[in-house]
Amino acid sequence: MNARYPRKELILQDFLDVEYIPLETNDEFITSASLQALDTDILLIKDHGWISKGDIFIFDRNGKGLRKINRVGQGREEYTDILDIAMDTENDEIYINNHFAQKIVVYDLYGNFKQSIKQKEGVFYNLIANFDRDHLICHDGHFEIDKPEIKRNYFLIVSKEDGSIQEIPIPFKEKKSRSMMMRDASGKVISKIYSIYNKPLIPHQGSWLITELSVDTIYSYSPEHVLKPFIVRVPSIHSMDTEVFLFPGVLTENYYFMQTIKKNLIL
């Protein structure tokens, strides 16, 4: 983590198959295009950013707009906001992470309501993804301002049927937070809160890479529920006064792109 490496120039097409898909744009299909999920046949997109009108767009792999879904509202079959979306084309379902209402709302690919999955109290799904036919894989991003992080398992397998949870156990000594809080001279937290937004779950060759900032190992978690080490960092995160975190990014057969993030609040 403390090493310095020479810069290397890479040509994208030398190690990736690059496909450009221009999205159809008309009065109905106007979006800032944050890709949420894709399959061999369709792309699922929402507007970029935390605040949007609640539009969900489905395009085919040629970029032709197929349909727009919007179920924003206060009703039982609606969502008030979208933090994240998972798609299961095997079940023809999409899962809307309505995080402020602490529920996941399930629709078919045409926007018809199927069910609502209540989140467990004290758990905040800041990331959801399709794991298998019966389960989602989620990250619990819950924290409380001006309180120490709770030592527990933050990666979860969640039932699509009833929301029951199976924890992925990752042992660690002390919880390291991705959040940074401004404090006054007395140490009291004031309003501004900053966070590192790199994703803690990355798909890789049919499995998931799990980044728990409190441990020195990035793990791979398989569809058979087997947890094994993927890469180990040196020095330990617990030996650093100012933590430097390691996150995986794009992973190919020939290259693993990683990013280091220093937890250093500069105003």
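Start by selecting Phe-29 and Phe-57: both are buried, where buried means under 20% relative accessible area, exposed means over 50%, and partly exposed is in between (1.4 Å probe, protein chains only).

Before you go on, know that this is a predicted model: local features need pLDDT of at least 70, side-chain atom pairs count only at pLDDT 80 or more, and totals for chains, interfaces and linings use all residues. Residues are numbered from 1 along each chain as its sequence is written, and side-chain values use heavy atoms, with hydrogens and water left out.

**More rings**

Rings of Phe, Tyr and Trp (its six-membered ring) pair if their centres lie within 6.5 Å; planes under 30 degrees apart count as stacked, over 60 as edge-to-face and the rest as tilted. How many aromatic pairs does this rule give? The count is 10. One of them is Phe-29 with Phe-57, a tilted pair with 6.2 Å from centre to centre and 50° between the planes. This pair links distant parts of the chain, 28 residues apart: Phe-29 is in the loop between α1 (12-15) and β1 (34-38), while Phe-57 is in strand β3 (residues 56-60). (Those labels are DSSP runs numbered from the N terminus: helices are H or I, at least four residues, and strands are E, at least two.)

Next, select Tyr-107 and Phe-113. Their rings form an edge-to-face pair, 6.1 Å centre to centre, with 75° between the planes. Is Tyr-107 buried or exposed? Tyr-107 is buried, because its relative accessible area is 1%. Phe-113 has 19% relative accessibility, so Phe-113 counts as buried too.

One more ring stop: pick Phe-15, Tyr-255 and Phe-257, which ring pairs link into a cluster.

Most residues other than glycine have a negative phi, and most peptide bonds are trans. Now look for the exceptions. Zoom in on the peptide bond from Val-234 to Pro-235: this bond is cis, with omega near 0°. You'll find Pro-235 in the loop between β18 (227-232) and β19 (244-251).

Then jump to Gln-102, in the loop between β6 (93-98) and β7 (103-108). Gln-102 isn't a glycine, yet its phi is positive, about 55°. Its relative accessibility is 32%, so Gln-102 counts as partly exposed.

Gln-205 also has a positive phi, about 50°, although it is not a glycine. Look for Gln-205 in the loop between β15 (201-204) and β16 (207-210). With a relative accessible area of 66%, Gln-205 is exposed.

**A strand end**

Select Ser-195, in strand β14 (residues 189-195). Which residues does Ser-195 touch, not counting those up to four places away in sequence? They are Arg-178 and Ser-179, where a contact means heavy atoms within 4.5 Å. Ser-179 is 16 residues apart from Ser-195 along the chain, and their C-alpha atoms are separated by 4.2 Å. Ser-195 is partly exposed, because its relative accessible area is 21%.

**Zoom out**

Along its principal axes, the C-alpha trace spans about 50 × 45 × 40 Å. Of the 267 residues, 43% count as buried. Among contacts between residues at least 6 apart in sequence, 42% join residues at least 24 apart.
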